[in-house]
Amino acid sequence: MTSAIVKLTTPGGFPLFYSGKAGNDWLCESEGEAFQYLGFEAAQRKADQLAKIYAGTGMTFTAIEARQVCSAAACLLRGSRWDLYLFQGEQIHAIPTERARLAGVRSSYFGNREHLRRLIQAGELAELEGFTEQGLQFLAGLACGIRGGALTFQAA
């Protein structure tokens with residue numbers, strides 16, 4: 001029997017996956033962390049249940065075979081108002097968290113790797129602890145050391 005997972009597509013078109021955890025951590029950005037169902041029908045039942053619970057929010061839930069999953073974007077940083085996602089061509093977009101989206105915050109283009117480096121170097125990105133493993137890998141090679149608890153970078 002093929003395993004399946006539940007994929008959530010946000011109103012902005014970004015993929016997240018149901019992790020099966022209770023509380024605030026029930027979504028994950030990696031399909032590898034998603035809760036695996038033993039069959040497509042079980043995942044479809046869960047997707048239907050979640051769709052009823054969150055009707056009217058613009059979110060869509062679908063059951064997909066685990067081996068067919070392909071994320072369009074990688075989450076680099078989890079923030080309090082925005083999460084930063086990397087798309088093809090090294091374009092970074094700021095996607096509002098669900099709470100911020102409900103408060104009227106909208107998605108926007110954020111910049112590229114160099115822009116992110118400049119913001120960190122200037123101390124204008126306060127949520128450094130929010131970087132995901134993918135975000136740290138994306139920044140690999142930019143950091144030249146840590147001084148006084150702050151990341152520092154080599155000149156480009």
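**Strands and aromatic rings in a predicted model**

Biologist: In β6, which residue is the bridge partner of C75?

Modeller: The model is predicted. Strand β5 spans residues 74-78 and strand β6 spans residues 82-87, and the two pair in the antiparallel sense over 4 bridges. Within this pairing, the residue of β6 that partners C75 is Y85.

Biologist: Through how many residues does a hairpin join β5 to β6?

Modeller: The two strands are antiparallel partners, with β5 at residues 74-78 and β6 at residues 82-87. The hairpin that joins β5 to β6 passes through 3 residues.

Biologist: In the open sheet of 4 strands, which strands stand at the edges?

Modeller: The sheet has antiparallel pairing, and its strands follow the order β3-β2-β1-β4. A strand at an edge has a single partner, so one side of it is left without a neighbour in the sheet. The strands in this position are β3 (27-28) and β4 (60-65).

Biologist: What angle does the direction of helix α1 make with that of β4?

Modeller: Helix α1, residues 40-53, packs on the sheet. The helix touches β1, β2 (15-18) and β4. Its direction and that of β4 make an angle of about 175°.

Biologist: How is the aromatic pair of F35 and Y37 classed, stacked or edge-to-face?

Modeller: This pair belongs to a structure that holds 5 aromatic pairs. The ring centres of F35 and Y37 lie 4.8 Å apart, and the planes make 70°. Planes over 60 degrees apart count as edge-to-face. The pair of F35 and Y37 is therefore classed as edge-to-face.

Biologist: Why is the pair of Y54 and F61 tilted?

Modeller: The ring centres of Y54 and F61 are 6.0 Å apart. Stacked planes are under 30 degrees apart and edge-to-face planes over 60, and the rest count as tilted. The pair is tilted because its planes stand at 35°.

Biologist: Is F61 buried or exposed?

Modeller: F61 is linked by ring pairs with Y18, W26 and Y54 into a cluster. A residue counts as buried under 20%. F61 has a relative accessible area of 9%, so F61 is buried.

Biologist: Over the ring of which residue does the charged end of R113 sit?

Modeller: One such arrangement places the charged end of R81 over the ring of W82, 5.0 Å from its centre. For R113, the distance from the ring centre is 5.8 Å, and the ring belongs to F138.

Notes
Residues are numbered from 1 along each chain as its sequence is written. This is a predicted model: local features need pLDDT of at least 70, side-chain atom pairs count only at pLDDT 80 or more; totals for chains, interfaces and linings use all residues. Side-chain values use heavy atoms; hydrogens and water are left out. Rings of Phe, Tyr and Trp (its six-membered ring) pair if their centres lie within 6.5 Å; planes under 30 degrees apart count as stacked, over 60 as edge-to-face and the rest as tilted. Buried means under 20% relative accessible area, exposed over 50%, partly exposed in between (1.4 Å probe, protein chains only). A charge sits over a ring if NZ of Lys or CZ of Arg is within 6 Å of the ring centre and within 35 degrees of the ring normal. Two strands pair if DSSP finds at least two bridges between them. Contact means heavy atoms within 4.5 Å. Axes are lines fitted to C-alpha atoms, for helices over the stretch in contact, and angles run from 0 to 180 degrees between N-to-C directions.
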